[in-house]
Amino acid sequence: MASTLKEIVENNAFVKSVHEDPILHHMPPDVNVNPPFMFLGCSDSRVSEGTIFQNVLPGVLFAERNIANQFLPNDNNVQSALAYAVSALGVTHVIVMGHYDCGGCLAATKPRPTGALDFASASVQNWIEPIRNLFATSDRFEVSEHRKVPAAERALVDELKVVVKNDPEFVPVHALIEENVKVTVRRIYESATIQNHYAKLSAECNVEGNAEPPQDEIQPVFIHGFVYDLEEARVLNLGVSLGPPGFDIPPIPFRPVHR
């Protein structure tokens with residue numbers, strides 16, 4: 001594994017592919033300045049958009065990442081990224097990509113550390129506090145059952161895939177990861193950026209039923225909730241996609257999660 005700047009530059013397969021591909025090598029700088037997708041993922045180094053969607057060329061995914069793929073009202077970075085993606089770039093799909101084995105969600109199942117915290121620790125704890133609140137209030141069966149585990153025992157758990165009741169499908173942290181994605185999808189859908197966009201879409205296109213707007217007019221934006229299974233290297237569909245009133249959700253090519 002690369003550990004120096006020199007090592008991450010050497011043997012860069014993508015750079016080699018660009019120079020070997022005449023289309024990519026001579027791609028004008030302004031090509032594909034309107035990517036159709038926004039990718040909101042986790043900062044985990046294993047799950048970048050380029051890792052999950054390896055065949056996607058540059059210019060297709062506008063990306064924003066943070067710890068545990070959150071969309072929070074007080075985070076100007078993610079708010080401005082969504083606003084720019086929708087209003088300036090004209091994306092038509094916002095992908096919220098969670099992933100199993102998310103350390104941020106595991107940490108949220110544990111009590112907040114007591115006592116004085118240094119700046120770095122406090123920053124991380126403050127960031128995952130909304131997920132800790134989700135863990136405390138979710139009515140998802142696996143999550144509510146895990147809440148019954150004494151806090152002192154949960155604080156000692158370092159294994160992300162804790163199986164409960166000898167059932168391999170009963171993984172509390174995975175359940176919390178899925179619920180966190182669902183919350184993010186809902187927050188994006190309810191955001192001023194999306195709701196204002198939908199209002200403009202309705203006003204300009206006079207949508208009735210499933211009428212399609214003209215190609216040069218404002219386009220519908222759909223928000224999708226997926227989770228990436230690191231062990232299986234596959235994307236799973238949580239079945240929570242949302243879109244503007246009057247428009248059908250486009251077909252989703254990923255296998256649904258059955259919980």
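Q: Is Phe-254 buried, partly exposed or exposed in this predicted model?
A: Buried stands for a relative accessible area under 20%, exposed for one over 50%, and partly exposed for what lies in between, with a 1.4 Å probe and protein chains only. The relative accessibility of Phe-254 is 23%, so this residue counts as partly exposed.

Q: What kind of aromatic pair do the rings of Phe-226 and Phe-254 form?
A: Rings of Phe, Tyr and Trp (its six-membered ring) pair if their centres lie within 6.5 Å, and planes under 30 degrees apart count as stacked, over 60 as edge-to-face and the rest as tilted. For Phe-226 and Phe-254 the centres are 5.0 Å apart and the planes stand at 80°, so the pair is edge-to-face.

Q: How many residues apart are Phe-226 and Phe-254?
A: Helices (H or I, at least four residues) and strands (E, at least two) are DSSP runs, numbered from the N terminus. Phe-226 belongs to strand E4 (residues 222-229), while Phe-254 sits in the loop between strand E5 (234-237) and strand E6 (255-256). The pair thus links distant parts of the chain, and the separation is 28 residues.

Q: Which residues form one aromatic cluster with Phe-226 and Phe-254?
A: Phe-39 and Phe-53 have ring centres 6.4 Å apart and planes at 90°, so they make an edge-to-face pair. Both of these residues are buried. The cluster that holds Phe-226 and Phe-254 also takes in Phe-39 and Phe-53.

Q: What is the angle at which helix H7 and helix H10 pack?
A: Axes are lines fitted to C-alpha atoms, for helices over the stretch in contact, and angles run from 0 to 180 degrees between N-to-C directions. The axes of H7 (residues 119-137) and H10 (residues 172-190) are 10 Å apart, and the packing angle is about 115°.

Q: Which residues of H5 meet H11?
A: The axes of H5 (residues 76-89) and H11 (residues 192-205) come within 9 Å and cross at roughly 20°. Contact means heavy atoms within 4.5 Å. On the H11 side stand Thr-193, Ile-194 and His-197, and the H5 residues that meet them are Leu-82, Ala-83 and Val-86.

Q: Which residues and atoms do these values rest on?
A: Residues are numbered from 1 along each chain as its sequence is written, and side-chain values use heavy atoms, with hydrogens and water left out. Because the model is predicted, local features need pLDDT of at least 70 and side-chain atom pairs count only at pLDDT 80 or more, whereas totals for chains, interfaces and linings use all residues.
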